[in-house]
Amino acid sequence: MKAKHQRLALVVLALVAIVAAGLIAAWTLRNQANYFYLPEQMASEPPAVGQAVRLGGMVQPGSIQTLADGVSVRFVVTGNTASTVPVRYSGILPDLFVEGSGVVAEGSLGPDGVFQASNLLAKHDENYVPRELEGLHGEDAAQQARETVAGLD
């Protein structure tokens, strides 16, 4: 076999190997993808029971209830319309998780229609201020930030 044909065969073999690796990776990860749902989408076209998805929306004011075990909470996620989704989560709540705030819940829809969250991601708005800097304005906040950074050195 000539050197030219050997190189061509090597290139074709490499391309086949790359395509095969991509197909195997896609097939392996097909069930691992988390799809994002809004409450409106969850109500109109709910995912399969047990399918890993993300639910995003706002925590409905007055809906957070701590259950008897002290670790689990129930709350309702609402969207732009009247659609709501009940959520149950067991674990430590993020600091920014409050009524009326944005939340992304990772988990799956249970057979009873309650979204079973395994992880909560609290979102903040563009006016977020760390707790340490609340009430401070302008130069006072800048001075507090400088002192915090200086303490880390």
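Mentor: A residue counts as buried under 20% relative accessible area, exposed over 50% and partly exposed in between (1.4 Å probe, protein chains only). Val12, with 46% relative accessibility, is therefore partly exposed. This is a predicted model, in which local features need pLDDT of at least 70 and side-chain atom pairs count only at pLDDT 80 or more, while totals for chains, interfaces and linings use all residues. Numbering starts from 1 along each chain as its sequence is written, and side-chain values use heavy atoms, without hydrogens or water.

Val12 sits in helix α1, residues 3–29; helices (H or I, at least four residues) and strands (E, at least two) are DSSP runs, numbered from the N terminus. Together with Leu8 and Val16, Val12 makes a nonpolar surface patch of about 270 Å². Patch residues have over 30% relative accessible area and no salt bridge; like charges are joined within 9 Å, nonpolar side chains (Val, Leu, Ile, Met, Phe, Trp, Tyr) within 5 Å. Areas are from the Shrake-Rupley method with a 1.4 Å probe, and for residues only the protein chains shown count as cover.

Now the setting. The protein has 3 helices and 7 strands, in the order α-β-α-β-β-β-β-β-β-α along the sequence. Buried residues make up 24% of the 153 in the protein. Among contacts (heavy atoms within 4.5 Å) with a separation of 6 or more, 46% join residues 24 or more positions apart.

In soluble globular proteins, nonpolar side chains tend to be buried together. Here the largest nonpolar core has 18 residues, and Met42, Phe75, Phe115 and Leu120 touch the most other members. At least two residues of this core come from each of β2 (53–59), β4 (72–78), β5 (84–90), β6 (102–109) and β7 (115–123). Such a core joins buried Ala, Val, Leu, Ile, Met, Phe, Trp, Tyr and Cys through side-chain atoms within 4.5 Å. Beyond four places in sequence, Leu120 touches Phe75, Tyr89, Leu93, Pro94, Phe97, Val103, Val104 and Ala105.

The structure holds 1 salt bridge, meaning a Lys or Arg side-chain nitrogen within 4 Å of an Asp or Glu carboxyl oxygen. Arg54 and Glu106 form it, their closest N and O atoms 2.9 Å apart. Arg54 is in strand β2 and Glu106 in strand β6, 52 residues apart, so the pair links distant parts of the chain. Glu106 is buried because its relative accessible area is 15%; Arg54, at 32%, is partly exposed.

Gln51 lies in the loop between α2 and β2 and, at 27% relative accessibility, is partly exposed. Outside four places in sequence, Gln51 touches Tyr35, Gly107, Ser108 and Leu109. Tyr35 is 16 residues from Gln51 in sequence, with their C-alpha atoms 9.1 Å apart. Ser101, in the loop between β5 and β6, is buried at 10% relative accessible area. Its contacts beyond four places in sequence are Gly57, Met58, Val59, Leu96 and Lys123. Finally, Glu40 lies in helix α2, residues 39–44, and outside four places in sequence Glu40 contacts Gly79, Asn80, Thr81 and Ser83.
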